[in-house]
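Good morning, and thank you for coming.

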Amino acid sequence: MASSQKLDQKGVLLEQFKETRNRTLELVKTLEKDDFVVQTAVFMSPPKWHIGHVSWIYEAIMSKLDKSYEFYSKEFTEYLNSYYQQFGVPHDKGLRGVISRPTVDQLFQYFNTINQRVEKFIKSQALDENAIKVITMGFHHECQHQELLVYDLQHLLAEQYRPVKKEIADKPKENDKKSIYIKGGIYEMGYNGKNFCYDIELPEHKVYLNDFKMDIFPVSNQQYLEFIEDGGYENYKYWLSDGWEKVKENKWRSPMYWEKINGEWNVRDFIGIRKINPNEPVCHVSYYEADAYCKWAGKRLPTEAEWEKAACWNEEKQEKSIYPWGNEEPEKDKCNLLESYYWKCTELGTFPNGTSPSGCQQMIGDVWEWTSSEFIGYPGFKSGFDEYNDKWFTNQKVLRGGSFATPKMSIRGSYRNFFRLDERWLFSGFRCAEDI
């Protein structure tokens, strides 16, 4: 019986691996060869690097599990290593686009070779619980890079990108932009399921919350436009000191990708150059911008504990779920994730079936939501993989909820994303909270 269970586990691993790898290939299927080598900014990576790196990480994992494993190429490791000092000195991130070798063709050959190696490894190795967990982490790491790749394709190509799949969002239901009361008290924060999660989602632990109010929806383009038109980017009093320096240094006047054409605000994204849709969540704002808006509006950003309670806690049943709608995996009628293939934010009110027990909507998908919480380990944190998450426990803020570029296997109510306070090329928005 035990051996058949292991065979089943290996079958599941192989299926997840193939599905994940196919999704990566699908994202780059329509690119021209010239597209693969371009790096448009120091914060993004050329598509060919993503293709190589998500393959190389499996080599790093196999070398951890099998000390006799030999890497494919020293040259490839030097180029594809992102920040793991244990595997040598990584190549400068800002210079990934100036390297012509390995070539695009060589990296696709490498991609296929690593596919064969991983499949052979899974089939031939005796995999204990830890090995299965680390290999599964490789799939989730690839999901993270699929999302990063979409950010980079937006910066590189925008409306010139031709997705393999594209759907049209349903017309949203009516919505209001009110906030709701959420009871405070002791809340157990963190992942409480039985499937994969990252080490930074553990351990589940008690926090105390005061009563608070949370907006039902993320802040919309219309609401954010009011902040802009009221001089939000011109008045230092709304901004943190570092944020105000960034506004002046970078000449910020609006969210990233917004531009004025004939006196009207437009956005350039995967859909094209189009007028700002007032009822979409505001996207591509930094933590500094989210914080400044909240101060202007007389509100504040929620803590990540408040966000999680608003998303996943059922006060009536006194229980927590994995997602706002329960423990069932995400489906297209509940949220806008990568597999929805809308390639943009949907309007507020599109997913009433995804409403949380507290009454908040669109907490999963569309835009990552900034919180006021510093990215640090939970009390009792134990690292699950060297140099993966815990090396970033400084100068980052936590975001929750996923975006329209997040693969559905990669998101949970307890998932903690993290970015620096001035970054805004990611699909980031926010919702407001208030003290009572």
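Predicted model: local features only at pLDDT ≥ 70, side-chain atom pairs only at ≥ 80, totals over all residues.

In which strand does Glu264 lie? Glu264 belongs to strand β6, which covers residues 264-269.

Leaving aside residues up to four places away in sequence, Glu264 touches Glu259 and Lys275. Ser340 stands 76 residues from Glu264 along the chain, and the C-alpha atoms of these two residues are separated by 30 Å.

I turn now to a pair of helices. Helix α6 is formed by residues 221-229 and helix α8 by residues 287-297. Their axes lie 11 Å apart, and the two helices pack at an angle of about 80°. Since angles of 65 to 115 degrees count as roughly perpendicular, α6 and α8 are described as roughly perpendicular to each other.

Which residues meet where these helices pack? From α6 there are Gln223, Tyr224, Glu226 and Phe227, and from α8 there are Glu289, Ala292, Tyr293 and Trp296. Sorted by class, this contact of α6 with α8 contains 5 nonpolar, 1 polar and 2 charged residues.

Finally, the annotation. An unreviewed UniProt entry lists residues 178-433 as "domain: Sulfatase-modifying factor enzyme-like". In the model, that span is 15% helix and 21% strand. The C-alpha atoms at the ends of residues 178-433 lie 11 Å apart. Thank you for your attention.

Methods: Residues numbered from 1 in each chain as written. Heavy atoms only, no water. UniProt positions renumbered as here; feature names shortened; annotations may be inferred. Helix = DSSP H or I, 4+ residues; strand = E, 2+ residues; numbered from the N terminus. Contact = heavy atoms within 4.5 Å. Axes fitted to C-alpha atoms, helices over the stretch in contact; angles between N-to-C directions. Parallel < 35°, antiparallel > 145°, perpendicular 65-115°, else oblique. Nonpolar A, V, L, I, M, F, W, Y, C, P; charged D, E, K, R; others polar.
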